[in-house]
Amino acid sequence: MNSGLLSLSYLIGSVSFIIGLKMLSHPDTARKGNLYAAIGMTLAILATIFLYTKDGVGLGNHLWIFGGLIIGSIVGTFAAKKVQMTAMPQMVSLFNGMGGACAAIISIVEFKHLIHTGADITSEPVMTATILLGLVIGTVSFTGSMIAFGKLNGNINDKTLPMQQVVNIGLLILILVMLVGIVTGFISGEPMSMMYILLIISALYGILFVMPIGGADMPVVISLLNSFTGVAAAFGGFLYDNSVMLTGGILVGSAGTVLTVLMCKAMNRSLTNVIVGSFGGNKAGAGPAGVAGNYKEISVTDTAVLMMYSKKVIIVPGYGLAVAQAQHTCHELEKVLDQNGVEVKYAIHPVAGRMPGHMNVLLAEADVSYDKLLDMDEINPEFAHTDVVLVLGANDVVNPAAKTDPASPIYGMPILDVENASHIIVNKRSMKPGYAGIENGLFFQPKTSMLFGDAKDALTKLVAEIKSMA
Amino acid sequence: MEQILNLVTENFNFIFLLILMIILGFEVISRVPAVLHTPLMSGANAIHGVVIIGAIIVMGQAESDNYLALILGFLAVILGTLNVVGGFVVTDRMLEMFKKRKKN
């Protein structure tokens, strides 16, 4: 009876994940899909606590389990509610790391348990391999996500060791050799210490794997680590012969991989290129050729005049807008211009901000209407008949070097063709290069004017100026 | 060869599920608008929090004098819950904004 109920709960849980994920991929149903998956998850968790049995014995320690669930729920909800919309990407990375760590801990306990039963681990190769793979992947996902979190949060800078790629590949080979060695008994040693060595090497690999990967590629890395954690969860499912863990884990592993590839495609690069030929890693070799010269500044008043007498203005939002929390002011500018008969649109590059869709979410928060947000492919032909393009804290996504300079690390990435417009106004805090660390030739073009300052400050002044003119 | 076939027979259900889920994952995601990439990643992130079930099993099976298993299990439950609850709440917050806009 109980085991039947448990299986039924797992079935409902698994189906809710599949349907939830499917609904998440359509704007109209997305929120409901998320809710369905959450309900399925709750059901699976409760069913496990009360109905799971092994050899006729149910689970104990209910106090501990509920204690952990309550602490986790309170902290998780609080963190998720408090976080600024701009900090969403690192939050996702953080939660992903928690899942990875959870998978790794399960493996540690189960490996200890396996040793304690006195069994010779080489006689249980499948079990041992499952536990260790869960350990390795979970750990890599944990440390990798923590580094990604630190980088997006600005605590950690891009660092590349000499021979970084060789070291990384060496570590990966070492991990594989140890895995095979422990499972086959080829490496004879005290199993617990071997496990801990494997744990440390995996942790190190996770750190070094993400460390050299720079800025613009971080979303791809998070998505990849996300699918890693899915795979780690699936190994846990195989270990416990648990169908809902298997379904959830494999589904995310597979869907996460597709998502990663889609993101790479949006940047017109391959996954290998992202991991091996990282932006940060090649920085030294990619000196921008012939990018220098004079730039000209423009005042707020001049910008206001220019915009007021335009027919069409396109706003290109970037991470600078997010950092300055300027989405509401930006919407206000759009409204004021609109009232004065200026057509305003937003050009959204697929990887603008720190994650695909990041800008859409931010501008949605400020109630910017859907139909004003245009994808790159839709808006690119429109720049040619646009009077003013206002670039708000975006940089790499409007860098013409991606089209013209084969030596540039972002060469080949599709960009917004802002240079086709009559005037380009770039709002930035300073002349510092963007997240990928590359100079931008656009800033030195005769059509371009720089409007320095924090995006929110500049926009507030601009709105006031336009209002006083109208 | 025989060993491999045996392994396949023993784990047939698993392999069956593995292949179907991989295909399903590909199918479900492959036609998704870029706008939804971030919420979708975040939603998938919450779903792999299902690893918490493993943590609950570890915790529930730990003998009361096995402090290491108890502490590690407890930690795993907390981390897993953070992944699940945080993941779903963050996703909901992102999607809430899409909904608001629809009304206007």
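**View 1. The domains of chain A in the predicted model.** Domain bounds, as used here, are those that come from an automatic or database domain assignment. In this predicted model, that assignment divides chain A into domain 1 (1-82), domain 2 (86-282) and domain 3 (296-469). Between the C-alpha centres of domain 1 of chain A and domain 2 of chain A there is a distance of 24 Å.

**View 2. Where domain 1 of chain A touches domain 2 of chain A.** Here eight residues of domain 1 of chain A are in contact with seven residues of domain 2 of chain A. On the domain 1 side, helix α1 (residues 2-24) of chain A gives the most, with six residues. Sorted by class, the residues on this side of domain 1 of chain A are six nonpolar and two polar, with no charged residue present.

**View 3. The open sheet of chain A.** Seven strands with parallel pairing form an open sheet in chain A, and their order is β3-β9-β8-β7-β4-β5-β6. The edge strands are β3 (296-297) and β6 (373-375) of chain A, each of which pairs on one side only. In general, the strands of a sheet pair through backbone hydrogen bonds, and they may do so in a parallel or an antiparallel way. For β3(A), the partner is strand β9 (residues 448-452) of chain A, and the two pair in the parallel sense over two bridges; here E297(A) stands opposite M450(A) in β9(A).

**View 4. Helix α13 of chain A.** Helix α13 (residues 327-339) of chain A contains 13 residues and reaches 19 Å from its first C-alpha to its last, which is close to the 18 Å expected at 1.5 Å a residue. Among the buried residues of α13(A) are Q327(A), T329(A), C330(A), H331(A) and L333(A), together with E334(A), V336(A) and L337(A). After α13(A) comes G341(A), which has a positive phi, near 80°.

**View 5. The contact of chain A with chain B.** To this contact chain A brings 88 residues and chain B brings 74 residues. On the side of chain A, the elements that give two or more residues include α1, α2 (30-51), α3 (62-82) and α4 (88-116) of chain A, while α9(A) gives the most, with 16 residues. By class, this side of chain A has 54 nonpolar, 27 polar and seven charged residues.

Methods
Residues numbered from 1 in each chain as written. Chains lettered and ligands numbered in written order. Predicted model: local features only at pLDDT ≥ 70, side-chain atom pairs only at ≥ 80, totals over all residues. Contact = placed C-beta atoms within 7 Å. Helix = DSSP H or I, 4+ residues; strand = E, 2+ residues; numbered from the N terminus. Nonpolar A, V, L, I, M, F, W, Y, C, P; charged D, E, K, R; others polar. Pairing = 2+ DSSP bridges. Expected span 1.5 Å × (residues − 1). Buried ≥ 20, exposed ≤ 12 C-beta atoms within 10 Å, placed from the backbone.
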